[in-house]
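Here are some questions about how features of a structure get their labels. Each answer sets a value against its cut-off.

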Amino acid sequence: VNFDDPNYVVDNPLLGPGVSWVEQLFTPQLGYPMPVTVAVYRLLRLIGGPEPWIHHGFNWGLHGVNALLLFLLVERLFDTRRALLAALLWGLHPVVAEPVVWCTGTKDLLYGFFTLAAASCHVRAVAREDPGAWTFGVLGFGLLAILSKPVAFLLPAVLLLYPLAAGRTATLQSWKHRVGYVVMAMVACLVVISGTLLSSNAGG
């Protein structure tokens, strides 16, 4: 915990006063943009101060919600038995549970939450001839996932694969759906470019 917790939670200058909106958006001190995660860290500090219990409690709750979201997603795609197995594996596997007991792991849990929420909305949007509000859910949650942890930059490509694999390409004819993919892809590219520039500046 001494490796990341001081940088992200304990001594993170972005959690103090006098932070500009540019710093809040691009979080240059961390080497890549993750404004949603930093905003949550700030909120947790306001609620519980520097005490670790507030971070652990939040992580436990979010992990439970993520397991439930995964159950609902897999149940919609397959059946209840497989959904229960997936949720149990997700909830109890050490690799997935590690961020729950690690304050800095909040970024992984937030990224997981928004990714699962975007995927759930995406499955519902693809199942309908008129995606409607579900498409905006995909876009909103997808952007929040990308801005929680940059590894989510692959999300637009992963979401695009589902209608192709499911044989529901008619959904892709919707302008709302196409705009959602394009906006997510643009933000993902911006995050990757910003992260690359920030990392190179830090190295130089």
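Q: At roughly what angle do the axes of helix 7 and helix 8 cross, and within what distance do they come?
A: This is a predicted model. In it, the axes of helix 7 and helix 8 (residues 133–146) cross at roughly 160° and come within 8 Å.

Q: Why is helix 7 called roughly antiparallel to helix 8?
A: Angles over 145 degrees count as roughly antiparallel. The axes cross at roughly 160°. Helix 7 is therefore roughly antiparallel to helix 8. The crossing of the pair is left-handed.

Q: Which residues of helix 7 and helix 8 meet?
A: From helix 7 come Tyr111, Phe114, Thr115, Ala117, Ala118, Cys121, His122, Arg124 and Ala125. Helix 8 supplies Trp134, Thr135, Gly137, Val138, Phe141, Gly142, Leu144 and Ala145. By class, this contact has 11 nonpolar, 5 polar and 1 charged residues.

Q: What makes helix 4 and helix 7 roughly parallel?
A: The cut-off for roughly parallel is an angle under 35 degrees. The axes of helix 4 (residues 52–77) and helix 7 (residues 106–126) cross at roughly 25°. The two helices are therefore roughly parallel to each other. Their axes come within 9 Å, and the crossing is left-handed.

Q: Which residues bring helix 4 and helix 7 together?
A: On the helix 4 side, the residues include Phe58, Asn59, Leu62, Leu69, Leu73 and Arg76. Among those on the helix 7 side are Thr106, Leu109, Leu110, Phe113, Leu116 and Arg124.

Q: Which residues make the contact of helix 7 with helix 9?
A: Helix 7 contributes Thr115, Ala118, Ala119, His122, Val123 and Val126. Helix 9 contributes Leu155, Leu159, Tyr162 and Pro163. The classes are 8 nonpolar, 2 polar and no charged residues.

Q: How do you know whether Leu110 is buried or exposed?
A: Buried means under 20% relative accessible area. Leu110 has 4%, so it counts as buried. Leu110 lies in helix 7. Leaving out residues up to four places away in sequence, Leu110 touches Thr37, Val40, Phe58, Leu62 and Ser148. Its C-alpha atom is 9.0 Å from that of Asn59, 51 residues apart along the chain.

Q: What does relative accessibility say about His55: buried or exposed?
A: The value for His55 is 3%, so His55 counts as buried. The limit is under 20%. His55 lies in helix 4. Beyond its neighbours within four places in sequence, His55 is in contact with Val9, Tyr41, Leu44 and Cys103.

Q: Why do Cys103 and Cys189 get their accessibility labels?
A: Cys103 has a relative accessible area of 9%, so it is buried. Cys189 stands at 47%, so it counts as partly exposed.

Q: How many disulfides does the structure hold?
A: It holds 0 disulfides. A disulfide would need a pair of cysteine sulfur atoms within 2.5 Å.

Q: Why is Trp102 called partly exposed?
A: Trp102 has 21% relative accessibility, so it counts as partly exposed. Buried would need a value under 20%. Trp102 lies in the loop between helix 6 and helix 7. Trp102 and Asp4 are 98 residues apart in sequence, with 9.6 Å between their C-alpha atoms.

Q: What makes Thr104 buried?
A: Its relative accessible area is 0%, so Thr104 is buried. Thr104 is in the loop between helix 6 (94–97) and helix 7. Not counting residues up to four places away in sequence, Thr104 touches Asp4, Asp5, Tyr8, Val9 and Tyr41.

Notes:
Residues are numbered from 1 along each chain as its sequence is written. This is a predicted model: local features need pLDDT of at least 70, side-chain atom pairs count only at pLDDT 80 or more; totals for chains, interfaces and linings use all residues. Side-chain values use heavy atoms; hydrogens and water are left out. Axes are lines fitted to C-alpha atoms, for helices over the stretch in contact, and angles run from 0 to 180 degrees between N-to-C directions. Helices (H or I, at least four residues) and strands (E, at least two) are DSSP runs, numbered from the N terminus. Angles under 35 degrees count as roughly parallel, over 145 as roughly antiparallel, 65 to 115 as roughly perpendicular and the rest as oblique. A crossing is left-handed if the near helix is turned anticlockwise from the far one by less than a right angle, and right-handed if clockwise. Contact means heavy atoms within 4.5 Å. Buried means under 20% relative accessible area, exposed over 50%, partly exposed in between (1.4 Å probe, protein chains only). Ala, Val, Leu, Ile, Met, Phe, Trp, Tyr, Cys and Pro count as nonpolar, Asp, Glu, Lys and Arg as charged, and the others, Gly among them, as polar.
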